[in-house]
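Me: I would like to go through some of the labels attached to this structure and ask what each of them rests on. Please set each value against its definition before concluding.

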Amino acid sequence: MLGSLPALRTAEAVVDARPDCVYSDYGSVGRPYSESGSPRGLASKDNRSGSGGSRNLSADFSTSVKALRAWGAKPRTELEIQMINIDVRAAERRISAPSARPTREHQRDARAWSKFSGLNYTTCLRQMMHPLAQGILGQRVSARSLITALTKKGLISERAESYHQHSASNAASRVTTLGESGLLKADKDPLHVSSPDAYLEVVLSTELLRAFDLVGGPQDDSHSYVLKHVAEEFFRDRLGSFSYISNGKMIWAAAVLDLPMRSSAVDSSNALFGLDPLQVHYLQRMLRGPAPKAHHHRPPGLIHLAKMLERFASAEEIPVRWDPQDALHEARTTPFHEWVIEQCNPEGDGTPEGGTRQRLAFDYWHGVRGSDHPVAKSPEHLLEILDGMGAGYLAISEAENIAVAWNQLQRPE
């Protein structure tokens with residue numbers, strides 16, 4: 001139970017924490033910023049090793065000056081060269097860190113997280129300022145929103161007096177029942193919030209969940225334990241780190257986003273989320289194989305998130321906020337597609353009357369759901385799909401009959 005840590009009394013007490021002085025931690029002693037102006041631990045590799053990056057750029061500039069002299073061009077003065085080098089170093093510092101100084105929101109979050117987790121303020125500020133925590137698929141997720149989420153949603157919290165009968169003084173408060181291993185595990189397996197990466201684990205999990213489309217309610221195939229493993233593989237392949245995400249932190253991330261969710265069973269530690277299950281299945285296939293052959297069920301934000309994580313891992317490039325569009329989006333339905341699947345057997349086996357058309361329609365529908373082939377735009381496209389999959393004579397023949405029937409429906413009266 002989180003209450004085992006003295007600093008973790010109630011979410012409300014932590015979130016209400018305010019700095020006595022906004023810049024009180026930026027004195028000459030223990031200053032959490034390097035001389036270059038970027039947070040320690042967040043600068044680029046060149047900045048961490050001194051001015052290596054600047055030396056390389058300066059060398060390139062010197063080479064350019066020599067080349068200009070060779071062509072008879074007027075070289076810049078030494079003062080101009082020095083000014084250019086200063087500008088280059090300043091630009092490098094701006095690129096290396098998400099911002100020159102933390103905002104007031106970063107500072108408030110760092111103080112709240114410090115009180116919540118027991119970590120020191122400087123460590124928490126580094127987490128708040130991390131480039132991957134500034135919002136990739138949406139607005140930045142604040143530490144205070146993480147804390148309040150633990151007691152805001154009924155599925156992961158209870159009134160204090162019902163969870164701890166002896167807590168009479170906290171009768172009006174709520175405490176979380178969420179533990180590291182999932183629902184109802186707070187006492188036996190409390191959330192691990194005192195590790196330096198705890199905040200980022202939840203934030204990155206929220207980014208992955210943001211990639212999916214929401215559906216009406218919790219889905220059996222959008223399972224917290226499944227998504228926990230999906231997240232681990234996704235982050236490991238792209239970041240080389242965060243290869244362990246607990247079931248509890250995945251549920252916590254869903255609570256932060258206020259996703260529709262419910263317990264997967266009575267007294268279960270797992271939760272079901274209101275995410276498109278076909279998109280979850282697509283990502284599973286992408287990570288584990290066999291690779292999807294069509295992409296109409298690809299989560300809309302997946303490409304951008306993957307690209308930003310890979311660029312950060314390879315070159316410490318600061319992620320750019322997503323413009324919610326998928327340029328490679330494939331249509332999930334067409335009028336012809338809807339007409340074909342209407343002919344499936346309602347019972348689901350494709351053969352209500354032994355008809356070839358019903359079986360073909362069911363097999364086609366099953367392939368679309370599993371991302372084995374794209375959505376058919378027309379009868380001709382359906383024939384191309386079947387031919388590419390090596391369909392037999394009966395299937396091709398029935399597809400031709402379907403084409404005739406569809407074309408007859410399209411003729412004006």
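Me: Why are α15 and α17 called roughly perpendicular to each other?

Reply: In this predicted model, helix α15 (residues 356-369) and helix α17 (residues 393-410) pack at an angle of about 95°, with their axes 10 Å apart. The axes are lines fitted to C-alpha atoms over the stretch in contact, and angles between N-to-C directions run from 0 to 180 degrees. Angles under 35 degrees count as roughly parallel, over 145 as roughly antiparallel, 65 to 115 as roughly perpendicular and the rest as oblique; α15 and α17 are therefore roughly perpendicular.

Me: Which residues make the contact between α15 and α17?

Reply: With contact meaning heavy atoms within 4.5 Å, α15 contributes Thr356, Arg357 and Leu360, while α17 contributes Leu394, Ala395, Glu398, Ala399, Asn401, Ile402 and Ala405. By class, the contact has six nonpolar, two polar and two charged residues, where Ala, Val, Leu, Ile, Met, Phe, Trp, Tyr, Cys and Pro count as nonpolar, Asp, Glu, Lys and Arg as charged, and the others, Gly among them, as polar.

Me: How do you know that serine 181 counts as partly exposed?

Reply: Buried means under 20% relative accessible area, exposed over 50%, and partly exposed in between, with a 1.4 Å probe and protein chains only; serine 181 has 30% relative accessibility and therefore counts as partly exposed. Serine 181 is found in the loop between β2 (174-176) and α9, and, leaving aside residues up to four places away in sequence, touches Asp189, Asn247, Gly248 and Ser269. Serine 181 and asparagine 270 are 89 residues apart in sequence, yet 8.5 Å apart in space, C-alpha to C-alpha.

Me: What makes a set of residues a nonpolar core, and which members touch the most others in the largest one?

Reply: Such a core is a set of buried Ala, Val, Leu, Ile, Met, Phe, Trp, Tyr and Cys residues joined through side-chain atoms within 4.5 Å. The largest core has 66 residues, of which Trp113, Phe234, Trp252 and Phe273 touch the most other members, and helix α9 (residues 198-210) supplies its largest share, eight residues. A second, separate core of 19 residues includes Cys344, Tyr364, Ala376 and Ala395.

Me: What conventions lie behind these values?

Reply: Residues are numbered from 1 along each chain as its sequence is written. Local features need pLDDT of at least 70 and side-chain atom pairs count only at pLDDT 80 or more, whereas totals for chains, interfaces and linings use all residues, and side-chain values use heavy atoms, with hydrogens and water left out.

Terms used. Helix = DSSP H or I, 4+ residues; strand = E, 2+ residues; numbered from the N terminus.
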